[in-house]
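Trainee: Please take a close look at one part of this structure for me. I would like one residue and its surroundings, then the wider picture.

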Amino acid sequence: MGWLMRNMKKMKNISGSISKAVFLLLALGLFGEVSAQDTLRTYGPRFGIDLARFLYIFADPSQIGAEASVDFEIYKNLFPVFEAGYNSMDDDKELFNYSSNGAYGRVGVDYNVLASKNRSLHHNITFGFRYGMSVFKHRSENIIIPGDYWGDYVPGPYENNLTGHWLEMVMGVKTEVLPNFFLGWSVRYKILLNPDMDPLMTPELIPGYGTGGESGIFGFSYSVFYKIPLIKK
């Protein structure tokens with residue numbers, strides 16, 4: 001029960017910090033838009049859902065997860081980005097069963113390199129970076145350690161509550177297919193900052209990152225977005 005209270009407190013602090021940062025950046029963005037309507041091309045926050053996450057249920061082992069994002073043009077072609085989600089998986093192996101589940105968040109910035117003289121065109125080709133953090137629990141049970149002389153050894157279950165940290169380099173494309181509706185994809189290279197977070201059992205899944213045994217991996221997302229036009233042009 002103690003670890004649950006500590007993790008809830010930790011996630012509450014993370015959520016509070018991110019909420020304050022989002023509010024501050026949105027406020028700054030609104031002031032920036034009012035004073036710089038000749039330079040910005042978007043006029044409100046853009047919310048997205050990663051559709052690729054729902055396909056992970058067909059992976060082996062199967063994963064359950066969801067991810068949402070928000071970005072906002074705070075300065076010409078500069079988009080602060082916030083992403084948050086949840087991941088879980090269960091993997092039944094021959095010698096043990098493994099599970100991992102938890103929440104994660106990312107914060108960063110994208111820069112749009114697609115030049116346009118027409119402010120009514122909102123397509124983006126962006127390059128950016130993220131800092132990611134995941135708070136999760138992984139567990140192994142029904143463990144069997146084969147032994148030829150003394151026979152098989154069956155230890156008790158093992159679990160640990162962990163926090164993962166990583167950096168991402170991101171390249172993405174967003175296309176406005178209908179007014180204020182976008183489709184987009186991104187490719188990411190992720191670098192795990194604390195690969196030795198659990199010296200006894202390598203995480204098979206770090207929510208939001210991927211396989212814990214890899215210090216550098218690629219990721220992909222395919223998302224649908226809706227932009228709320230707070231200020232009309």
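Mentor: Start with Ser186. At 7% relative accessibility, Ser186 is buried, because anything under 20% counts as buried. Keep in mind that this is a predicted model. Ser186 sits in strand S7.

Now its partners. The side chain of Ser186 makes a polar contact of 2.4 Å with the side chain of Ser221. A polar contact of 3.3 Å joins the side chains of Ser186 and Arg188. Set aside the neighbours within four places in sequence, and Ser186 is in contact with Val170, Met171, Gly172, Gly219, Phe220 and Ser221.

Follow Arg188 next. Arg188 forms a salt bridge with Glu83, with the closest N and O atoms 2.7 Å apart. That pair links distant parts of the chain: Arg188 belongs to strand S7 (residues 181-192), Glu83 to strand S3 (residues 78-92), and 105 residues separate them. Arg188 and Glu83 are both buried.

The charges continue past this pair. A network of salt bridges links Asp50, Arg53, Glu67, Glu83, Arg106, Asp110, Arg130, Glu168 and Arg188. So the polar contact from Ser186 reaches a residue, Arg188, that belongs to this network, where a salt bridge means a side-chain nitrogen of Lys or Arg within 4 Å of a carboxyl oxygen of Asp or Glu.

There are 12 salt bridges in the structure. One of them is between the side chains of Arg46 and Asp71, at 2.8 Å from N to O. Arg46 lies in strand S1 (residues 46-50) and Asp71 in strand S2 (residues 63-71), so the pair ties together parts 25 residues apart in sequence. Arg46 is buried, with a relative accessible area of 2%. Asp71 is buried too, with 6%.

Another salt bridge joins the side chains of Arg139 and Glu159, at 2.6 Å from N to O. Arg139 is in strand S5 (residues 124-141) and Glu159 in strand S6 (residues 158-178), so this pair connects parts that are 20 residues apart in sequence. Arg139 is partly exposed, at 25% relative accessibility. Glu159 is also partly exposed, with a relative accessible area of 32%.

The largest nonpolar core has 9 residues: Tyr104, Phe136, Leu162, Trp166, Leu192, Met197, Ile206, Tyr209 and Ile217. Take Tyr209 as a member to inspect. Beyond its neighbours within four places in sequence, Tyr209 is in contact with Trp166, Lys190, Ile191, Leu192, Glu214, Ser215, Gly216 and Ile217. Among these contacts, Trp166, Leu192 and Ile217 also belong to the core.

Finally, step back to the whole chain. The protein chain has 1 helix and 8 strands. From the N terminus on, the order is α-β-β-β-β-β-β-β-β. Of its 233 residues, 41% count as buried, and Ser186 is one of the buried residues. Take contacts between residues at least 6 apart in sequence: 66% of them join residues at least 24 apart.

Conventions:
Residues numbered from 1 in each chain as written. Predicted model: local features only at pLDDT ≥ 70, side-chain atom pairs only at ≥ 80, totals over all residues. Heavy atoms only, no water. Helix = DSSP H or I, 4+ residues; strand = E, 2+ residues; numbered from the N terminus. Buried < 20%, exposed > 50% of the residue type's maximum accessible area, 1.4 Å probe, protein only. Core = buried A, V, L, I, M, F, W, Y, C linked by side-chain atoms within 4.5 Å. Contact = heavy atoms within 4.5 Å. Polar contact = N/O pair within 3.5 Å; in protein donor to acceptor, adjacent residues only side chain to side chain.
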